[in-house]
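Me: I would like to learn how to read strand pairing and helix packing in a model. Please take the general idea first, then the case.

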Amino acid sequence: MKKEKSNRGQKPQRHAAPRKAVAIPRAEKNGRAKGVDSFPIIGLGASAGGLEAFEQFLGHVPKNCGFAFILVQHLDPTHKGLLTELLQRHTSMKVLQIKDRMRVEPGHVYVIPPNKDLSILKGVLHLLDPAAPRGLRLPIDSFFRSLADDRQERSVGVILSGMGSDGTLGLRAIKEKAGAVFVQTPASAKFDSMPRMAIDAGLADVVAPAEELPGKIIDYFHHVPLHVRRDQARAEKDQSALEKIIILLRGHSGHDFSLYKKSTISRRVERRMGLHQIARVADYVRYLRENPQESDLLFKELLIGVTSFFRDPAVWEQLKNKIIPDFLAARSADGMLRAWTVGCSTGEEAYSLAIVFKEALEWIKPTRNFSLQIFATDLDKDAIDKARAGIYPPNISADVSEKRLREFFIKEENGNYRVRKDLREMIIFAPQNLVMHPPFTKLDFVTCRNLLIYLDADLQKKLMPLFHYSLNPGGVLLLGSAETIGPSTDLFTPLEGKLRIYRRLGTSRQPNLIEFPSAFSRARSDTTVSASDQKSDTAPLPSLQSFADQVLLQRYSPAAVLVTNEGDILYISGKTGKYLEPAAGKANWNLFAMSREGLANAMSEAFHKAVRQKIVVTLKDVKVGANGGAQLVDITVQPLTGPEALRGTVMVVFTDVAKPAPAKAPGMASFERTTQHNARLAAMAQELRQAHEDLQLARDEMQSSQEELKSTNEELQSMNEELQSTNEELTTSKEEMQSMNEELQTVNHELQAKVDELSRVSNDMKNLLNSTDIATLFLDDALLVRRFTPETAKIIKLIPGDVGRPITDIVTTLDHPQLAEDTRKVLKTQVLVEKQVSTRDNRWFTVRIMPYRTQENRADGVVITFADITVAKNLEAALRKAQSNLEARFTHQTAELSRAKKTQGAPGASPKRPR
C-alpha cells in the first residue's frame, strides 16, 4: 500500500501539466488492435455510504477529462434506481443508467441498474442477470475482473465507502494487468470495511479522501509510458537506469530480478513512476535510493502476487475427475504422495490442490489409503505468513462453491473463512527463491502456474530439467494457461486436452548435468549487470590463455565446494554429483545434508577440526557410495584467510583415487598377497583411528548438546511459566468479557423495555389529547413550536412543517395580541396565566398558559391549551339578556305600584284596585 503523504525525501522532477484535461491517445502501440479506443475507464465500487462518496468524487472531476467512469454499487433489486438523478446534480458530465450493449464513451458516467451484473467487452457494456442469490452477489468483483481483461494497463479500480469485502478479488485482477488501484481513506468513509480490506490485502496504490482521488488519477495518467518513447539514446539511458534499479533491489531485498523479463520490470517501474509523477527513470533511481520504503513497494510490485481459488476451473476439474484418479489407480502401493506448488503466493492454489485431491479420493476404492504432502513455496514472506494463517475474506464464495465452503472451511463470526485443520495440515509453507535455492525431490506433482511468463526464456529452459529431476517417473507437471515446456519435449509429454498438464518421461539425466541453482549465480549476474554500466564502445576479446584455463578448470581440476564455517554451500566448482546430492524433503543447501553415503561422518570430523584449529586437514581413501558401487576419494579441507572476500570460508576439495591395476605375472602372486594383507591391515588401522576420533568427537558433541539442552530446558520452563501466567490472564479476561457481555445484554433488555414503555406512554398521551378535543400547543423556551394537536390547527394556522418556527410568525384567528407577551411572562415567573379570548369568527376560548415541566421539575418551555367556551359564552349572553329583560319589567312594575299607592293616598280619591 502506498499513501501519498508518506513519501519522504527530495521530490524528483514531475510533469507540470494542468488537471483540466488529459491527452489520451486513441490507440497505443502496445499490441492492441487499431481502432479500439484506449482511453482509461475508471471503475468505482461502493456499498453502504456510497452515494456521498460518489458525490464527493464526481464533484471534483474536471470537465473534458477524457475518462469514462462506471459506477457499481450494491442496490436494492426491488426498488427503482434513483442514483442517476442524484449524481447528475454534482457533475457536468452526462450521467446515464447502463443499458445492455451500451458503448462506453469518454466524458460520461455510467451507473449500474438494480438487480443486474455488469461486464465489458471491447468497450461495450453487457448486463447479465445475477447468478448468485441475493446476499451472496459480488458485482464489484465481477466487473473489475472484466474491466482488467478488457482495458489491461489502462484499467483503474477505485474502492469507496462500503461494508463487506466485495472488490478485493477484482482489484487483484487489475493489479495483475498492471492497472492502478485507488482507495478512499478509511477514516473519511462512512463505512470503512471495503476500503480497509483492499488496504490490508496490499492492493492499494494510492489512499486518499474521495474528493482528492480524481486529481491523483489524472496525475497518474499524465505519465508518459516507457514503451512509447522512440529516442534511441533515451532508450539506452532508460535501460541503464533499469539495471541500476535491479542492483538496488538486490541490495535491499537480497533477491536478483535480472532473470525476469525486461518488459515485466519496465511495466512495473512505469506504474510506480506514474503514481509518483516522475518523468525519467534516472530520477526514479534517485528517488528509490532516497526512500527505502519505495524499494519495498517496488519489490512487492514485481512479485505480482495475484492468485485465487480454482483459477481456470477446467484445469481443476480435469485434475479431480481424470488426472489424479488415473495416477492413484496406477500406483501399486498405498502411501504418501508428494507435491510442490511453486510460487504459491497467499496459498489459494495449494489449498485448491489439496481440496481436489481429497475429492478425487472419493473415486478410489475405500481399501486404498493415500495421503498427500504439499510443499508450497514463494519468494514473498508476507504472502507465506497469510497462507499459513489460512484465513480468507467472504468474497472467496465467488470462486469456491457452497459445498466446498461447508466441507473445507469454517466460517468465523466476522464473516471470514478459515481453512479446516485437516486440510491445513496437508501443506507445508516455506519461503524459497526458485532461482537460488535447491528444489524438492521425489515428487509426484509439481504446479508452477503463471510464474514462468515473468521469467526470461533462458531461465525457463533451465527450470524444465530441474522440474524433471524433482519429479518421480510418471509425475505430473501443471503449468499456467499461457506457459509451455518449450523445447523440453524429451522430458515431458502433454496429456490430453489443451490444459497445460504434462507427464514426466522416463528420460534419464545425470544429476551433475543439471544446472542447480546456487548463490554464486547471483555473482555472475552481478558481474554482467556491473559490466553493462561501464560506458565502453568495444569489449576486449578473450585471450588464448583464458580459453586454456577454462578447459583445464572444467576437465582436469578436482571437484570442490566453497562453504561457510557452518557448512552452507556458497559456490560449486566442477562435477560434484558423485559426492553430493540434494536431500529429500525440505530444501537444505548444506554440505553435510547433501553428502552421499560414507562421506558425511568422515568429512564432519575433518571439517570441524580444520575450522577449530585453522589448519588444512586431509582424509585419504574415504569410501563413498555412488550409483550402486563404491569410490575411493581423498578429501582436503582448508580454511581460507584471504583474500578479504573469502575470509571465514572453507574450501573442500574432492580428489578421486585410482583403483590399483590387477596383477598379471604369476610369479608375483605371493608378493601381491603380502601387499594386499599389509594394505588391509593399514586400512583397518586407519579405520580404527578414525573410529576413535569419531567417538571422541561424538562425546564432545554430546557433552555440548547436554549443556545446551539444560539451558534450553530452563528457557522452556521459564516460557512455560510465562505461558501459564498469560493463560490465566486470558482466562480472567474471558470471564470479564463474559460478565461484561451479560451486563450489556441486561442493559439492552432494560433499554428495550424503556423504549416499549415510552412508546406506550406516547400512544396513550396522543389518544388522551385527541379524546379531550382541547387544542394544545407546546412551545420551547424560545417560543418555537415543538408540538401541537390537530384541534390547534383550527385556531392557529399550523401545518406539520411549522415545527421549529416561532409562534409569532404564524397567523392566528385569536383576538389576543398579548399572547407572546403573556407566554414570556409565564416563562419568567413560572406562574399560570388564564384568559378568555374571542376570535374573529365569534368563537370564544379559554387560553391557559402553563410552564412545561420535566420529571426533574425543570421548566423547559410552555404548554398552551385552548378550551372552546363558545357555547358557554352564548348561553351567558342569553342569560344576561333575559336577566336584563326581567329586571326592566320588574322596574316598570315597581314604578306603577308606587304611582298607584300615591294615587290612593290623595283626599277625595276613590280607591282603585291595581291591575
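Reply: Two strands pair if DSSP finds at least two bridges between them. Helices (H or I, at least four residues) and strands (E, at least two) are DSSP runs, numbered from the N terminus. The model is predicted: local features need pLDDT of at least 70, side-chain atom pairs count only at pLDDT 80 or more, and totals for chains, interfaces and linings use all residues. Residues are numbered from 1 along each chain as its sequence is written, and side-chain values use heavy atoms, with hydrogens and water left out.

Me: Which residue stands opposite Tyr502 in strand 20?

Reply: That residue is Leu477. Strand 18 (residues 471-479) and strand 20 (residues 501-504) run antiparallel, joined by three bridges. Strand 20 is also joined by three bridges to strand 19 (residues 492-494), again antiparallel; there Phe492 has Arg504 as its bridge partner.

Me: How are two packed helices described?

Reply: By the angle between their axes and the distance between the axes. Axes are lines fitted to C-alpha atoms, for helices over the stretch in contact, and angles run from 0 to 180 degrees between N-to-C directions. Helix 8 (residues 262-276) packs on helix 10 (residues 292-303) at about 135°, the axes being 10 Å apart. Angles under 35 degrees count as roughly parallel, over 145 as roughly antiparallel, 65 to 115 as roughly perpendicular and the rest as oblique; helix 8 and helix 10 are therefore oblique to each other.

Me: Which residues of helix 8 meet helix 10?

Reply: Contact means heavy atoms within 4.5 Å. Ile265, Arg268, Val269, Arg271, Arg272 and His276 of helix 8 meet Glu294, Leu297, Leu298, Glu301 and Leu302 of helix 10.
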